[in-house]
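Here's a quick briefing to read with the model open in your viewer.

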Amino acid sequence: KMVAAARPSVTVHPALASEGVGAALKLPEVFKSPVRPDLVLFVHTNMAKNARQPYAVSLAAGHQSSAESWGTGRAVSRIPRVPGGGTHRAGQAAFGNMCRGGRMFAPTHTWRRWHRKVNVQMKRYAVCSALAASAVPSLVMARGHLIDDVPEIPLVISDAAESITKASKALEVLKLAGAGPELEKVAKSRNIRRGKGKMRNRRYTQRRGILVVYGSDNGIVKAMRNVPGVDVANVNTLNLLDLAPGAHMGRLIVWTKSAFAALDKVYGTRDAPSEVKKGFTLPRHMMSNSDLNRIINSDEIQSIVRAPKDGGKRAPLKKNPLKNIGAMLKLNPYAKQARVDKNAVPKVVKDSKKFKAIGDKFYNKMMVDSEYDGELFVKFASWLEQKTTAEPPAEEEE
């Protein structure tokens, strides 16, 4: 069963079938460094730019013609046009980025700022973070490595692996260490690259597999270089681009015993600086114990904190009487009845014979008292559709 890195020692596993399990080694302090994915991403992005080669279009591209504008007055645009006649090219627009055969927009130049300077301390910090992530099985699995058969993370094998000189022997060493499924996965991932890159000396793509870190080269570099997906690095020259390809931490690393034992000398310990890198000390966590709940609830903290205060009434939230009926009733008890009266619906008086008779009587009285007559009144009375209409007066004889 695979074991995590939070323990004091790591077992040395045999590199050859004829060997036995070796003595345990102390876990180097660099594996306890803070894991900083933000820093690893920044450093990797800038370091990867330093391998680029300048590219640009020709300075004369799109301008290899003596084109001139025809000016105004010819009902055509003022773009420069190819001179001459007798061919389709004559009169065609030139130079512009919208023209056939013209230059591109903002032609590229070789004097672009291709490379980036990265602080040495940042690069060293990023390498320490990548090494610490390689000792966490969950991060190694999250990167896509198959480590079900790997006995331990980090994986350390004996120094006999540094003396192998054949690729067949290298395969046996890696399979004995439990890396067989990882090697098969990498071999099956080899595919032809999409796009024009296949014509430019990068025809195939392939997943990144195991990184073998050695202390001294006694043939291991040549033995491992022909194994698909396997990279080799010296413990004194570890590179972030190898430890975290694509800025993704958690690469599966196979250490030789001498390389693993040299890590404290190369990167230093918690109490001593590095013997190789001048002025470098290991980065430390902001908190030595990140279990905040355990710290707060510990006897040391709880014995000095103040007890919670008892009582103490908070001021009630003031309510708006215009919007809250309860607050309004405290100020004006009559408000409830006023609201009922305001919302009361007046009774509608229905028509009845009694009220209709009163109306007719009032109308007839109004006619008699006012003595309305004439043609206009007759029309007015018929317009009102009343039952009682005045008879038209007789015409007077001259």
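Which residues point one way from β8, and which the other way? I253 and W255 point one way, while V254 and T256 point the other way, and all are buried. Keep in mind that this is a predicted model. The chain has 398 residues, of which 30% count as buried, and its secondary structure comes to 15 helices and eight strands. Among contacts between residues at least 6 apart in sequence, 62% join residues at least 24 apart.

**The sheet around β8**

- Six strands make up an open sheet with mixed pairing, and the order is β2-β1-β3-β8-β6-β7.
- At the edges sit β2 (24–26) and β7 (231–234), each of which pairs on one side only.
- On average, neighbouring strands here are turned by 35° against each other, direction ignored.
- In general, strands of a sheet pair through backbone hydrogen bonds, either parallel or antiparallel.
- On one side of β8 you'll find β3 (residues 155–157), paired with β8 in the parallel sense over three bridges.
- Within that pairing, V156 stands opposite W255, and L155 has V254 as its bridge partner.
- β6 also runs parallel to β8, and three bridges join the two.
- There, L211 stands opposite I253 of β8.

**The nonpolar cores**

- The largest nonpolar core has 38 residues, and the members that touch the most others are L131, L240, W255, F260 and Y267.
- Elements that each supply at least two residues of this core include β1 (9–13), α1 (37–48), β6 (211–214), β8 (253–256) and α9 (263–267).
- Helix α2 gives the largest share of this core, with six residues.
- Which residues does L131 touch, not counting those up to four places away in sequence? The list is V30, F31, L238, L243, I253, W255 and Y267, and two of these names, I253 and W255, are the β8 residues that point one way from the strand.
- There's also a second, separate core of 25 residues, with A15, I164, I210 and M224 among them.
- The general background is that in soluble globular proteins, nonpolar side chains tend to be buried together.

**How α1 and α2 pack**

- For α1 and α2, the angle is about 120° and the axes are 9 Å apart.
- Angles of 65 to 115 degrees count as roughly perpendicular and those over 145 as roughly antiparallel, so α1 and α2 are oblique to each other.
- Their crossing is left-handed.
- From α1, the contact uses L39, V40, F42, V43 and M47.
- From α2, the contact uses M122, K123, Y125, A126 and S129.

- I153 and P154 are joined by a cis peptide bond, with omega about 0°.
- P154 lies in the loop between α3 (137–142) and β3.
- F95 isn't a glycine, yet its phi is positive, near 75°.
- Is F95 buried or exposed? F95 lies in the loop between α1 and α2, and because its relative accessibility is 16%, it counts as buried.
- N201 is another non-glycine residue with a positive phi, at about 65°.
- The loop that holds N201 runs between β4 (191–192) and β5 (204–205), and N201 is exposed, with a relative accessible area of 85%.

- V276 is found in the loop between α9 and α10 (292–296).
- With a relative accessible area of 43%, V276 is partly exposed.
- V276 and V266 are ten residues apart in sequence, and their C-alpha atoms are 5.3 Å apart in space.
- Setting aside neighbours within four places in sequence, V276 is in contact with K265 and V266.

Definitions and conventions:
Residues numbered from 1 in each chain as written. Predicted model: local features only at pLDDT ≥ 70, side-chain atom pairs only at ≥ 80, totals over all residues. Heavy atoms only, no water. Core = buried A, V, L, I, M, F, W, Y, C linked by side-chain atoms within 4.5 Å. Buried < 20%, exposed > 50% of the residue type's maximum accessible area, 1.4 Å probe, protein only. Helix = DSSP H or I, 4+ residues; strand = E, 2+ residues; numbered from the N terminus. Contact = heavy atoms within 4.5 Å. Pairing = 2+ DSSP bridges. Axes fitted to C-alpha atoms, helices over the stretch in contact; angles between N-to-C directions. Parallel < 35°, antiparallel > 145°, perpendicular 65-115°, else oblique. Left-handed = near helix turned anticlockwise from the far one by under 90°.
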